[in-house]
Amino acid sequence: MSKIVVLGAGIAGHVAASHLRRKLAKEHEVVVVSPNSNYQWIPSNIWVGIGRMKPRDLIFPLAPLYAKKHIGYKQAKAIGFYPEGDNDEQKPYVLAEYVAGDEKGKQEKVTYDYLINATGPKLNFEGTEGLSPGKNKAHSVCTYTHAQEAWIALEDIIKQMKQGKKVKILIGTGHAKATCQGAAFEYILNVEQELRRHKVRDMAEITWISNEYQLGDFGMDGMLLSYGSNILKSSEMVEMIFEDRGIHWILGAGVNKVEDGVVHYETLDGEYKQKSYDFAMLIPSFSGHGFKAYDKNGGDITNKLFKGFMIVDADYTPKPYEEWTVQDWPETYQNPSYANIFAPGIAFAPPHGISKPRKSKNGTDITPAPPRTGMPSGITAKLVADNIIEMIKNPNHELHHKGSMGNMGAACIASAGFGMTKGSGISITTYPIVPDFKKYPDTHGRKLGKTFGSIGLAGHWLKLALHYAFIYKAKMKPFWWLIPE
Amino acid sequence: MTRRISKYKRFMMMNPIVQFFKFIFLSLKVLVIVAGGHGGTRKA
Ligand SMILES: Cc1cc2nc3c(=O)[nH]c(=O)nc-3n(C[C@H](O)[C@H](O)[C@H](O)COP(=O)(O)OP(=O)(O)OC[C@H]3O[C@@H](n4cnc5c(N)ncnc54)[C@H](O)[C@@H]3O)c2cc1C
């Protein structure tokens, strides 16, 4: 009998736990440790942030589902890793602290045979002075509560515009090394469309602020896309959309401070600038959770497990951009020091960025960090679950299931406005996610045809269809596993 | 605002009938990407 502990019940953790439970006999234990009592379908937070969905439309409580499916659940957060156990506990364990109920504050050694760390990112608001959701008129849509607060503030601004006030709206990244530009991109287009719907578009100046060197970089070094019968750069596609929607942009901006209605940023030219606003949504930088790890005798072995995020089978040798290869990217998400620990989704430490790194004239890194979107998070979680199942059956098994982001495609359906007849979506697929410049030297490292873009109402329908499909799947309703990650 | 998308293109982008077929096409295209699978990069 084996016990598999999954830390986190986000996209990666939930996918791993549900596949393990479905495929493993009941004698094996699957336990999820996660502080949030609800599952949330994060991509739809964008629609909460414009008031077109309520948080209840994208969340559901985990405890009843896990009870029904025989998945153990502890509403707790991991606070320490003991992969060799300690003097009192022979088995490896994670120290977890309960965050709710009668047991709140109580600590427990959660032992395991296999550990899946799917704790995603820490939303590092502290990394930018003055950036905190709802403070200084700057908001976030990274969680459903943040998104709900953003909508309350936006609704108020819309009311003011209706009374004749001209406003400035600023949306983008809130840190020089932030990632998740795609979410901010969706939000700016949705906000723009909502202002048109409310007939106040002419009262707002809307500006995109980003650490990207070019529009459409998305932390993925941009893309060369098939677009209808043309081949377009993603920068050209986004420029077309922004110009068409009257959205201004500031690029190469490393936001370092947020004050009430004013954002301070450094440019790649080394200039320090400010931009005022009445409403902002700025994505914070993502960081590891700052976990510590200890050996059997209590010695600190954090650097065996973590490098900010969790160390996996990537090649972390520092090298210049020109020498980056797809082979640097992990394939199995297994920790090299402890073969029974894995980190799928955002929880693993990437070997380096994807976008070309850039520094300002003052030496500040202003470069998007590499994104790990929902699809790769789900795929990596599933392959980790499959490898663990094989390891349980044969402990000396070589890991067969592999999925490098350099050999994996992703579909990103960016909402560009809500509505069954007036909505819009920008559907982008890329293959591979991490460009392979050796295989595809003439097309910026990606396969044309499998890397394509499309704009229109169908994109909105697709995004909405995915919302319902993935919530159905997450609820583990009949035949849920037929819906791919 | 600078018009960068022609009236015809916009009509095509927002026409529900055209977009219905586009929806089917996009769904299949996404499925093909997913079904295309994934793998390692280190061993050829
Ligand atoms: C606004 C927004 C929109 C997005 N839109 C899209 C989109 O359209 N398409 C797309 O593909 N991707 C999108 N993404 C990205 C996508 O949400 C992420 O790729 C995905 O959520 C990553 O999954 P994860 O499980 O690794 O991390 P998360 O989803 O962040 O899950 C982490 C889990 O770990 C838990 N946790 C945290 N700390 C601890 C701890 N100490 N102990 C135990 N558990 C812990 C958390 O509570 C959570 O349950 C979007 C992201 C944002 C923010």
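This is a predicted model: local features need pLDDT of at least 70, side-chain atom pairs count only at pLDDT 80 or more; totals for chains, interfaces and linings use all residues.
Let's begin at the ligand. It is surrounded by 32 residues, and the closest of them are Ala12(A), Ile346(A), Arg372(A), Gly374(A) and Lys463(A). If you sort the residues of this shell by class, you get 17 nonpolar, eleven polar and four charged.

Some of the ligand's oxygen atoms can be followed to the protein backbone. A polar backbone atom of Ala12(A) sits 2.8 Å from an oxygen atom of the ligand. For Ala118(A), the distance from a polar backbone atom to a ligand oxygen is 3.4 Å, and for a polar backbone atom of Thr119(A) the value is 3.4 Å. Taken alone, the ligand would expose 1000 Å², and the protein buries 86% of that area.

Which elements give two or more residues to the shell around the ligand? In chain A they are the helices α1 (11-23), α5 (181-197) and α8 (374-393), together with the strand β6 (76-82). The largest share, three residues, is provided by α8(A).

Now turn to the way these helices pack. Two packed helices are described by the angle between their axes and the distance between the axes. For α1(A) and α8(A), the axes come within 8 Å and cross at roughly 35 degrees, and the crossing is right-handed. On the α1(A) side, the residues that meet α8(A) are Ile11(A), Ala12(A), Val15(A), Ala16(A), His19(A), Leu20(A) and Lys23(A). Their partners in α8(A) include Gly374(A), Ser377(A), Gly378(A), Ala381(A) and Lys382(A). By class, the residues of this contact divide into nine nonpolar, four polar and three charged.

From α4(A), the contact uses Ala150(A), Leu154(A), Ile158(A) and Met161(A), while α5(A) brings Tyr187(A), Val191(A) and Leu195(A). What classes of residue make up the contact of α4(A) with α5(A)? There are seven nonpolar residues, with no polar and no charged ones.

Terms used. Residues are numbered from 1 along each chain as its sequence is written. Chains are lettered from A and ligands numbered from 1 in the order in which they are written. Side-chain values use heavy atoms; hydrogens and water are left out. A residue is near a molecule or strand if one of its heavy atoms lies within 4 Å of it. A polar contact is a pair of N or O atoms within 3.5 Å; within protein, one must be able to donate a hydrogen and the other to accept it, and residues adjacent in sequence count only if both atoms are side-chain atoms. Accessible areas come from the Shrake-Rupley method with a 1.4 Å probe; for residues, only the protein chains shown count as cover. Helices (H or I, at least four residues) and strands (E, at least two) are DSSP runs, numbered from the N terminus. Ala, Val, Leu, Ile, Met, Phe, Trp, Tyr, Cys and Pro count as nonpolar, Asp, Glu, Lys and Arg as charged, and the others, Gly among them, as polar. Axes are lines fitted to C-alpha atoms, for helices over the stretch in contact, and angles run from 0 to 180 degrees between N-to-C directions. A crossing is left-handed if the near helix is turned anticlockwise from the far one by less than a right angle, and right-handed if clockwise. Contact means heavy atoms within 4.5 Å.
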